[in-house]
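Dear colleague,

I am handing over the structure we spoke about, and below it you will find my notes on what turned up. Please read them with the model open beside you.

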Amino acid sequence: MDISEPKGRVLVIAGSDSGGGAGIQADIKAITAMGGFAATAITAITVQNTLGVSAIHPVPLDILRGQIDAVLDDIGADVIKTGMLANADVVTLVADRLRACEPSVPLVLDPVMVATSGDALVDDGTEAAIRDRLLPLAFLVTPNIPEAEKLTGLVVEDISGQLDAANRLVEMGARAALVKGGHLKGNVVTDVLVSARGMELMERPRLPGRNTHGTGCTLASAIAGLLAEGAALPDAVRRAGDYLHEAIARAPGFGAGHGPVNHAWVMRP
């Protein structure tokens, strides 16, 4: 399909966050803030808040498949965005359904493996399935540095390492890769985008504070929402990054741990 034709529909396939700062809840907020329409297929229900994840309950595969088919057969999607996929069977189901889409729908793959709190969200088999089954289908993959290291086997310690990892992800089948730099130290956070246009750096000052829960979900969904509205990839990545930066700056300060960002700041004077 031609993603330059504005339509705005995003199907998000991801887990639910009871704390509201990440997962499906963050996805819907970010896509709406970008002017898109979010539909969902929930892969798992998590028990979590700003302090961490205490339980994960996968949704039965037939129910997940039903959610995906119900949306695609009726509403349709201009972009599909994936977040937390609870196990290898879920990854396989999602990959098979994406391959069956006619015409194909661009995939923004957020390879969720580790929560902001440090909690592991998937096992080794699921990581391998994401790498082998979903990565080759991705229009864009958006790992943080620990996820990029898991997917590529490379050690990422600086911008050069981010670039190597992004290039490796493209070599592995993704059409484009955005390796985020938030886990590196320094007063500037640099994200590295590798696409058909080459390499582009996106730099923003690091913001102080602990309110970074759901930043990966928020960024990937904002990108997906902008792509669905017809934005070109580099523009979508830059605009979504600017949106997230301001959302962190205006975080409400909820919770005792890693608090949520302010997804709705664009809707307020």
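A residue is called buried here when its relative accessible area is under 20%, exposed when it is over 50%, and partly exposed in between, with a 1.4 Å probe and the protein chains only. By that rule Arg204 and Asp191 are both buried. This is a predicted model, in which local features need pLDDT of at least 70 and side-chain atom pairs count only at pLDDT 80 or more, whereas totals for chains, interfaces and linings use all residues. Residues are numbered from 1 along each chain as its sequence is written, and side-chain values use heavy atoms, with hydrogens and water left out.

Salt bridges

A salt bridge is taken as a side-chain nitrogen of Lys or Arg within 4 Å of a carboxyl oxygen of Asp or Glu, and the whole structure holds 13 of them. One of these joins Arg204 to Asp191, with the closest N and O atoms 3.9 Å apart. That pair links distant parts of the chain, since Arg204 lies in strand E9 and Asp191 in strand E8 (residues 188–195), 13 residues apart; helices (H or I, at least four residues) and strands (E, at least two) are DSSP runs numbered from the N terminus.

Asp73 and Arg97 also meet through their side chains, at 3.8 Å from N to O. Asp73 counts as exposed, at 61% relative accessibility, and a network of salt bridges links Asp69, Asp73 and Arg97. Within helix H6 (residues 159–171), Glu171 and Arg168 are three residues apart, about one turn of the helix, and they form a salt bridge whose closest N and O atoms are 3.8 Å apart. Glu171 is exposed at 64% relative accessibility, while Arg168 is partly exposed at 32%.

In helix H4 (residues 124–134), the buried residues are Thr126, Glu127, Ala129, Ile130 and Leu134. They cover an arc of only 160° around the axis, which puts them on the same side of H4. They pack against E4, H3, strand E5 (107–109) and helix H5 (145–152).

Loops

Thr142 sits in the loop between strand E6 (140–141) and H5, and it counts as buried at 1% relative accessibility. Beyond its neighbours within four places in sequence, Thr142 has contacts that include Val108, Asp110, Glu147 and Lys180. In the loop between H3 and E5 lies Pro103, which is joined to Glu102 by a cis peptide bond with omega about -5°.

Methods: Arc of directions from axis to C-beta. Contact = heavy atoms within 4.5 Å.
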